[in-house]
Amino acid sequence: MSKGKLIVISGASGVGKGTVLGIMMKKRKDLSFSVSATTRPPRPGEIDGVHYYFISREKFEEMIAEGAFLEYDAHADNYYGTPRAQAEEKRERGPVLLDIEPAGAKQVRESEPEAVLIFIMPPSMEELERRLRGRGDTSEEQIKLRMERAVWEMEQKQWYDHVVVNDDPERCADEILKIIAE
Ligand code: 5GP
């Protein structure tokens, strides 16, 4: 059997990727989610091994040295990366969704030309900022950093295979499901 596709989903923090991915996985049971490793602390409600593997900077750097990441990047003062072994194991069972930012997406594109790269846009920058503030768990400093980062990310969307707007999570999820069914 051939390996499952890698489906990369990028979009600014606060754009609603988590909700969209959740809807997609409910509708297509063969999809699995690549759980990233990160050095950032968990937000309220986040579970180790489900949303992320929360690991120390030391451990992360050890894994970089071992070549254990399919891709990784440092942003917003922390490391984020896709553990290679886990992604490969999940691909045995079907397509794997990667929620990663553009620097990581570029690395995946280079090592896996067959990967499908999808960029999710907010309806507007004002709406993105409103959503970030609405989360209530992000400091002013973090909001400023994330908005600056969002501007850079938005410029990267040009080299993605598909760009979709998250005006409504259900509609957005359906649009992506249609893309990956092609
Ligand atoms: P957050 O801290 O809000 O969970 O995520 C911040 C950003 O990190 C998001 O844009 C998310 O897509 C990205 N991210 C999460 N996991 C990974 C990963 O494994 N690799 C890379 N390159 N980015 C990631």
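This is a short chat about a predicted model of one chain.

Colleague: How many helices and strands are in the secondary structure of the chain?
Modeller: The chain has seven helices and nine strands.

Colleague: And why is it described as compact?
Modeller: Because its radius of gyration, 16 Å, is close to the 16 Å that the globule rule gives for 182 residues, the chain is as compact as a globular protein of that length. The C-alpha atoms fill a box of roughly 45 × 40 × 30 Å along the principal axes.

Colleague: What share of the residues count as buried?
Modeller: Of the 182 residues, 48%. The accessible surface is about 9300 Å², and carbon and sulfur atoms account for 53% of that.

Colleague: What about contacts between residues 24 or more positions apart?
Modeller: Such pairs make up 66% of the contacts with a separation of 6 or more.

Colleague: Changing topic, how many positive and negative side chains are there?
Modeller: There are 27 positive and 34 negative ones, and the centres of the two sets lie 3 Å apart.

Colleague: Let's pick one residue. Where does Arg40 lie?
Modeller: Arg40 is in the loop that runs between β3 (36–38) and β4 (52–54).

Colleague: Buried or exposed?
Modeller: Arg40 is buried, because its relative accessible area is 6% and the cut-off for buried is under 20%.

Colleague: Which residues is Arg40 in contact with, leaving aside neighbours within four places in sequence?
Modeller: Glu46, Tyr52, Phe54, Asn78 and Tyr80. With Glu46, the side chain of Arg40 makes a polar contact, side chain to side chain, at 2.8 Å.

Colleague: And what separates Arg40 from Glu110?
Modeller: Their C-alpha atoms are separated by 26 Å, and the two residues are 70 residues apart along the chain.

Note on methods. Residues are numbered from 1 along each chain as its sequence is written. This is a predicted model: local features need pLDDT of at least 70, side-chain atom pairs count only at pLDDT 80 or more; totals for chains, interfaces and linings use all residues. Side-chain values use heavy atoms; hydrogens and water are left out. Helices (H or I, at least four residues) and strands (E, at least two) are DSSP runs, numbered from the N terminus. The radius of gyration is taken over C-alpha atoms; the globule rule is 2.2 Å times the number of residues to the power 0.38. Buried means under 20% relative accessible area, exposed over 50%, partly exposed in between (1.4 Å probe, protein chains only). Contact means heavy atoms within 4.5 Å. Accessible areas come from the Shrake-Rupley method with a 1.4 Å probe; for residues, only the protein chains shown count as cover. Lys and Arg count as positive and Asp and Glu as negative; His and the chain ends are not counted. The place of a charge is taken as NZ of Lys, CZ of Arg, CG of Asp or CD of Glu. A polar contact is a pair of N or O atoms within 3.5 Å; within protein, one must be able to donate a hydrogen and the other to accept it, and residues adjacent in sequence count only if both atoms are side-chain atoms.
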